[in-house]
Amino acid sequence: MSTPSGTTADAAETLAPPVSSHNEWDPLEEVIVGRLEGARIPSNHPIVTCNIPPWATRWQGFAAGRRYPRMMIEPAQHELDRFVALLRSLGITVRRPDAVDHGRRFGTPDWSSRGFCNTCPRDSMLVIGDEIIETPMAWPCRYFETHSYREILKDYFRRGARWTAAPKPQLTDTLFDADFAVPESGEPMRYILTEFEPVFDAADFMRAGRDLFVTRSNVTNRMGIDWLRRHLGPGYRIHEIESRCRTPMHIDTTLVLLSPGKALVNPEYVNVDHLPGVLKSWDILLAPEPDPIHERLLRITSMCGAWLNMNLLVIDGKRVIAERHHTGMLRALEKWGFEPIPCDLLHYAPFGGSFHCATLDIRRRGPLESQLQ
């Protein structure tokens, strides 16, 4: 059987864009999932420690650069393996980065550091249509994190994807506010980042076709948002979500887009009356309180706060992978008309997140559309 252009069906499949993802809900066909191998406790840098309590900062300073203990790695690895198996059972192609020894020291003329891990591809790469953008991350220990994905990126590029890297930041002391302190409730919001140069994590953005939502945070500054706005050009609009979180980092526990017209928001972080006007026609769903975490080690080592029950992976606008432990979220998803797929990834939190963080959508079946007025 031939296609209208005269090529065979197999050839047409080969010519199909390997990277194509415009939103958070179209049917998922291919995804990158992170790895735990070689993970190291992140370096003792102000931008790392600014989001954790003082007692944890002392532990961080002692343990920085060391391997995570086996008692943390093994349960997380077991859950990650089962998550990957679940994705494949749903017919989704799963790609994995290379395993890396993050204990090796690297640097620039201005600083040196050891690495962290490659557990969260959502942070270091942003997919917009057929383009993958390597982001200018603000944590020195994550400076070369995308190197572990290079074989995958080169494969996508050879097959027709666009591959861009935002300007590598200098990450000198000038980027960080030396007098930063976490603002108390009621105080004006402050961030550890200055506007010395553009930096941002991809996980501070949420995609809805031609519209993107962003939270300014302790890893994403105004210059970073402006860089992406100019790079994407007039065909896209970027809307800022005001977060009441005192230690903001990544939007996927603040705002989650579940399907066209349905957005899940964190009632602690978001004032729904202050959402961008383009969301006024959407159903705004308030996330239920997270179920308590009783395992003490998880409570004291998670980098992600309490609201990881929101860190969902949408499979097709109806089915949603959600943490099995958070039964309140599972029930809420059912009430809202979704089909939650329970899965375990609770022990991944010390390494940066849950289902959304641990993945990067590479291909979702659907065209570029504007869902917002």
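Biologist: How do the residues of the lining of the second largest cavity divide by class?

Modeller: They divide into six nonpolar, one polar and two charged. Ala, Val, Leu, Ile, Met, Phe, Trp, Tyr, Cys and Pro count as nonpolar, Asp, Glu, Lys and Arg as charged, and the others, Gly among them, as polar. The lining residues are Glu24, Met206, Val256, Leu257, Leu312, Leu313, Val314, His356 and Arg364. Strand E11 (255–259) and strand E14 (313–314) each give two or more of them. Leu257 is nonpolar by the class rule, and Glu24 is charged.

Biologist: What kind of model is this?

Modeller: The model is predicted: local features need pLDDT of at least 70, side-chain atom pairs count only at pLDDT 80 or more, and totals for chains, interfaces and linings use all residues. Residues are numbered from 1 along each chain as its sequence is written, and side-chain values use heavy atoms, with hydrogens and water left out.

Biologist: Why is a space called a cavity and not a pocket?

Modeller: The test uses a 1 Å grid over the protein atoms alone. In a cavity a 1.4 Å probe fits but cannot get out. A pocket is an open set, with protein on both sides within 12 Å along at least five of seven lines. Lining residues have an atom within 4 Å of a point. By this rule there are two cavities of 30 Å³ or more.

Biologist: Which elements line the largest cavity?

Modeller: Strand E5 (125–128), strand E8 (205–208) and strand E17 (359–364) give two or more residues each. E5 gives the most, with three residues. Among the lining residues are Met125, Leu126 and Val127. By class, this lining has six nonpolar, one polar and four charged residues.

Biologist: Are the residues of E5 buried or exposed?

Modeller: Met125 and Val127 on one side and Leu126 and Ile128 on the other are all buried. Buried means under 20% relative accessible area, exposed over 50%, and partly exposed in between (1.4 Å probe, protein chains only). In strand E6 (residues 131–134), Glu131 and Ile133 point one way and Ile132 and Glu134 the other, and all are buried. In a regular strand the side chains alternate between the two faces of the sheet.

Biologist: How do you know that E5 and E6 pair?

Modeller: Pairing needs at least two DSSP bridges between the strands. E5 and E6 have four, and they run antiparallel. Leu126 has Ile133 as its bridge partner, and Ile128 stands opposite Glu131. The two strands form a hairpin with two residues between them, and Gly129 in the turn has a positive phi of about 65°.

Biologist: Which way does E6 run against strand E7 (residues 162–165)?

Modeller: These two run parallel, joined by four bridges. Glu131 stands opposite Arg162 in E7. The chain crosses from E6 through helix H6 (residues 150–158) to E7, in a right-handed β-α-β crossover. Right-handed means that, with the strands pointing away from the viewer, the path from the first strand over the helix to the second runs clockwise.

Biologist: Why do E14 and strand E16 (339–343) count as edges?

Modeller: Their open sheet has the order E14-E15-E16, with mixed pairing. E14 and E16 each have a single partner strand, so one side of each is left without a neighbour in the sheet. Strand E15 (residues 319–323) and E16 pair in the parallel sense over five bridges.

Biologist: What makes the chain agree with a compact globule?

Modeller: With 373 residues, such a globule would have a radius of gyration near 21 Å, and the chain has 20 Å, which agrees. The radius is taken over C-alpha atoms, and the rule is 2.2 Å times the number of residues to the power 0.38. Of the 373 residues, 56% count as buried.

Definitions and conventions. Points joined across faces, edges and corners; volume = space filled by probe spheres on them.
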